[in-house]
Amino acid sequence: MIRIAAKLSRTSSSTATKSFSISCTRFLNCAPSSFNSYNNALELDKNMAKPDVINMMNYAMKQARSDKSVGSYGLGMLVLKHCLTTELTIGNDPKTENSKGIALLALSTLLSERGEYDDALEKLESVQELTNSHLGIRVAAFEAQVGLHLELGQDAMASAVSEKCIELVKKQETGENDGLTIHAKALKGLIELVNGDIKSAEASFDKSLPNVVRDGSVALLYGEFLQTTQDYSRAREIYQNVIQGASDIKNNGDSLYLGAGNMNLEGLMVGAMCALGQLESHSGKFGIAEDWLTKALNIAEETYGTTHPKVGVVLTNIALMYRRRATEERSSSLLIQEGLYRKVIDILKVPASETNSEGAAPSVDRSDIAALARGAYAEVLCVQENRKDEGQKMKNLAESIWKNRRMSLADALGNTESNLSTVIDARISRLL
């Protein structure tokens, strides 16, 4: 608890990423062994792209995130835009199109991190013109479109994109694409989970998934599905596998992870750690939960900066973990919880009124997270005699911005007898 409280008044250590692999090894030494090899469908052998493009891409990403300023991101994007105008990415041969594809994926990632979502989506759409590129690049672009649309609350558009992805992969009839076929179907499963249709989601996860795709984005989705169905032991195993796989990919010099937008490699790490932290919290293992959530927070702050919405999502998970811990252990952490909720509300820019100037409920980005933070904060206020009125107003605001289809806000906060199992997907900022 002291570790998290200290983070409210300081930024994360620059050694967060360096310690990631060591920390994972320590926690995963005792992980189950049935997932003992990795086969992520969205990896590309570096020999399939031009080395100069890979170097420019890596430089651009490192430069953009160096101090996370408008200037550093501008320079990083300028490098990628220049790359896309050179002979390195002009041509129709597979290697050239692969090179152009990974540059576009990287540019879309930086644009989305800056909140320039329309431009990011435009770059992702242009990837589909690269018909001679590796199929995984085009699937990764579709996946990133789905992820960004879901984060923006554009669920119908996300569904349409997932259908396009399925159709694209169906046209490829070679056995080599089994992993990508499963990947495409799983994107539809994510949308079903967002819509609260667990039964339809189950049909979208191929039964061979654990044997074909053992880490990466789709494995994380499958773990989240298992958690919503209360299959905690298998979900834990898969999350551990995804974290180890992400660490291996990050430290592997031979392949590229084809993730973009909010579905990039760092998003995968943060998402898997957050999911595992939530699972351990639900299981009453609060020390382990705090460790994983702290690691997720370190990576989120190191990658995106301390005021990025992704940090707000992780902090919400941490605050809800303390809330559950206080309830089960009959302890109090009101000051820490309030500090976390206030920081989340500030980061996500949640409005202070339950109606806008026209008398309607306010439009709020990442409404699942904003409402959870407001609703839980309202409880902290309501137990304090002199702040009950303030708490009631905050509760009303939280309920006015709640849009989740599967459950009520009271269900999500565990204040009813519904016994629903939930998980926040930190990549898309949605409660499943």
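Analyst: Helices are DSSP runs of H or I with at least four residues, strands are runs of E with at least two, and both are numbered from the N terminus. In this chain there are 20 helices and four strands. The model is predicted, so to speak of a local feature we need a pLDDT of at least 70, and side-chain atom pairs count only at pLDDT 80 or more, while totals for chains, interfaces and linings use all residues. Residues are numbered from 1 along each chain as its sequence is written, and side-chain values use heavy atoms, with hydrogens and water left out.

User: What percentage of the residues of the chain count as buried?

Analyst: A residue is called buried when its relative accessible area is under 20%, exposed when it is over 50%, and partly exposed in between, with a 1.4 Å probe and protein chains only. Here 58% of the 432 residues count as buried. L111, which lies in helix 5 (residues 94-113), is one example, because its relative accessible area is 3%.

User: Which residues does L111 touch?

Analyst: A contact means heavy atoms within 4.5 Å. Leaving aside residues up to four places away in sequence, L111 touches M77, E116, D119, A120 and K123. Distance along the chain and distance in space can also be set side by side: from L111 to G261 there are 150 residues in sequence, yet the C-alpha atoms are 7.9 Å apart. For the chain as a whole, among contacts between residues at least 6 apart in sequence, 69% join residues at least 24 apart.

User: How many salt bridges does the structure hold?

Analyst: A salt bridge is a side-chain nitrogen of Lys or Arg within 4 Å of a carboxyl oxygen of Asp or Glu. The structure holds 16 of them. One joins E151 to K310, with the closest N and O atoms 3.1 Å apart. This pair links distant parts of the chain, since E151 sits in helix 7 and K310 in helix 16, 159 residues apart. Both E151 and K310 are buried.

User: Where do the partners lie in the salt bridge between D155 and R430?

Analyst: The closest N and O atoms of D155 and R430 are 3.0 Å apart. The pair links distant parts of the chain, with D155 in helix 8 (residues 155-170) and R430 in strand 4 (residues 430-431), 275 residues apart. D155 counts as buried because its relative accessible area is 9%, and R430 is buried too, with a value of 12%.

User: Which residues line the largest cavity?

Analyst: On a 1 Å grid over the protein atoms alone, a cavity is a set of points where a 1.4 Å probe fits but cannot get out, a pocket is an open set with protein on both sides within 12 Å along at least five of seven lines, and lining residues have an atom within 4 Å of a point. The largest cavity is lined by S112, E113, Y117, L148, E151, G261, N262, N264, Y304, H308, K310 and R366.

User: Which helix gives the most to the lining of the second largest pocket?

Analyst: Helix 16 does, with seven residues. Helix 14 (265-282), helix 16 (309-329) and helix 20 (409-412) each supply at least two residues. The lining has 28 residues in total, and H282, R324, A412, L413 and G414 lie nearest the centre of the pocket.
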